[in-house]
Amino acid sequence: MATMKLGFGRQNFYLFKRSFLLLKLIAIVFAMLLFCEFLIYYLVIFQCNWPELKTPAYDGERETLKPVLKAMFLADTHLLGEVRGHWLDKLRREWQMERAFQTALWLLQPEVVFILGDIFDEGKWSSSQAWADDVERFQRMFRHPHHVQLKVVAGNHDIGFHYHFVMVNSVALEGDGCNICSEAEAELIEISHKLNCSREQEHHSNQCGDGQPLPRSAPVLLQHFPLYRRSDANCTGEDAAPPEERGTLFKERYDVLSREASQKLLWWLQPRLVLSGHTHSACEVLHGTGITEFSVPSFSWRNRNNPSFIMGSMTPTEYALSKCYLPFENTVLITYCGAAGFLVVLILVHFGFLDSPFLFGCQLLRKFKTV
């Protein structure tokens with residue numbers, strides 16, 4: 001009878017040990033998922049701060065502060081479609097972008113978000129139904145409160161060749177006389193005329209008419225393709241193109257806008273700042289007219305290990321920019337690998353294939369004391 005009770009007690013003890021092991025495994029897996037898929041975004045983006053303007057924003061002679069617009073700029077999300085999109089790749093990278101975007105909205109509270117093109121990866125050959133499905137996914141991933149505006153610039157992967165901001169469809173600046181290009185140039189010329197009239201309000205030019213003038217501030221130019229530059233050779237920073245790629249010459253109308261189209265934009269619009277995407281890497285370029293252009297890196301792990309976005313504090317006359325990095329993909333993968341290795345060690349110790357690290361440490365300590 002005593003033997004039966006002893007055997008029953010041992011069986012319960014083994015069942016308890018296995019159940020406890022299972023609970024530990026579940027707890028570790030849950031903790032890793034919670035950290036890598038949720039908490040890491042808050043820990044990283046929490047470190048980002050809105051840039052402060054160097055000079056106080058006063059409105060004319062009155063000592064009243066001008067309102068500062070908080071704007072987020074991101075680029076090249078490249079949502080995969082049904083043609084080239086593997087389900088695991090779509091799940092992993094789209095979850096990363098959704099969590100990063102929603103976390104940034106909650107922590108940073110921007111007033112407007114601009115996406116500088118290539119929202120989709122297969123827009124230029126998607127069917128009507130596939131396009132509708134992709135748009136629905138985009139609207140779900142980048143959902144936002146009603147008080148936050150979301151503005152999108154067209155990129156070459158979206159349409160193929162089928163406060164005071166000027167958003168330009170740079171895909172239409174081929175300069176070959178196509179219908180889209182002609183319409184785009186005509187609209188730009190009209191905007192240029194209105195901007196010139198706003199700069200000359202005090203002269204009351206007869207050519208400006210009596211219409212409502214635009215603000216007198218120089219615009220911020222937002223587009224997908226960068227303005228013309230030979231290469232990324234002068235680009236620096238941890239999110240610039242890899243050193244071996246920076247010397248590669250860019251092809252006009254493919255990697256960057258043509259020299260002619262770039263000169264037209266700068267002449268017509270005379271912007272105070274240019275923000276672009278397309279290259280998937282960061283770069284700061286000073287054009288000959290003294291205008292600074294920032295190339296915004298890709299927002300997706302699919303295009304780079306260290307994605308980021310730009311935060312801008314804007315007034316009609318001033319701006320300040322800072323960069324906010326997202327979690328690095330290799331950091332998440334290393335965390336998962338470390339957790340997997342810990343689980344393997346835990347299982348091996350439980351089944352006696354490996355000494356407990358605690359017992360092994362005690363044995364080493366005893367040997368050290370003996371010596």
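Let's start with F299, which sits in the loop between β8 (292-295) and β9 (308-314). Strands here are DSSP runs of E with at least two residues, helices are runs of H or I with at least four, and both are numbered from the N terminus. What you're looking at is a predicted model, in which local features need pLDDT of at least 70, side-chain atom pairs count only at pLDDT 80 or more, and totals for chains, interfaces and linings use all residues. Residues are numbered from 1 along each chain as its sequence is written, and side-chain values use heavy atoms, with hydrogens and water left out.

Is F299 buried or exposed? With a relative accessible area of 0%, F299 is buried. Buried means under 20% relative accessible area, exposed means over 50%, and partly exposed is in between, with a 1.4 Å probe and protein chains only. Y325 is 26 residues away from F299 along the chain, and their C-alpha atoms are separated by 9.3 Å.

The loop between β8 and β9 also holds R304. R304 counts as buried because its relative accessibility is 11%. Its C-alpha atom is 8.5 Å from that of D239, although R304 and D239 are 65 residues apart along the chain.

Now for the cysteines. A disulfide is a covalent bond between the sulfur atoms of two cysteines. Here a pair counts as one if the sulfur atoms are within 2.5 Å, and that rule gives two disulfides. One links C48 and C324, with the sulfur atoms 2.0 Å apart. The torsion about that S-S bond is about 80 degrees, so the disulfide of C48 and C324 is right-handed. C48 is buried at 11% relative accessible area, and C324 is buried too, at 0%.

The other disulfide joins C235 to C283, at 1.8 Å from S to S. This link is left-handed, with -70 degrees about the S-S bond. C235 lies in the loop between β5 and α6 while C283 lies in strand β7 (residues 283-286), so the pair ties together parts that are 48 residues apart in sequence. Both C235 and C283 are buried.

Next, follow the chain through β5. Strand β5 (residues 220-223) is covered on both faces: V220 and L222 are buried on one side, L221 and Q223 on the other. β5 runs parallel to strand β6 (residues 273-276), and three bridges join them; two strands pair if DSSP finds at least two bridges between them. V220, for instance, has L273 in β6 as its bridge partner. How does the chain cross from β5 to β6? It goes through helix α6 (residues 259-269), in a right-handed β-α-β crossover. Right-handed means that, with the strands pointing away from the viewer, the path from the first strand over the helix to the second runs clockwise. The buried residues of α6 are A261, S262, L265, L266, W268 and L269.

Finally, take a look at helix α1 (residues 2-45), where you'll find F30. F30 counts as exposed because its relative accessibility is 56%. Together with L34, F38, L39 and L43, F30 forms a nonpolar patch on the surface, with about 470 Å² of accessible area in total. An α-helix has 3.6 residues a turn, so residues three or four places apart point the same way.

How values were computed
Patch = residues over 30% accessible without salt bridge, like charges linked within 9 Å, V, L, I, M, F, W, Y side chains within 5 Å. Areas by Shrake-Rupley, 256 points an atom, 1.4 Å probe, with all protein chains shown as cover. Salt bridge = Lys/Arg side-chain N within 4 Å of Asp/Glu carboxyl O.
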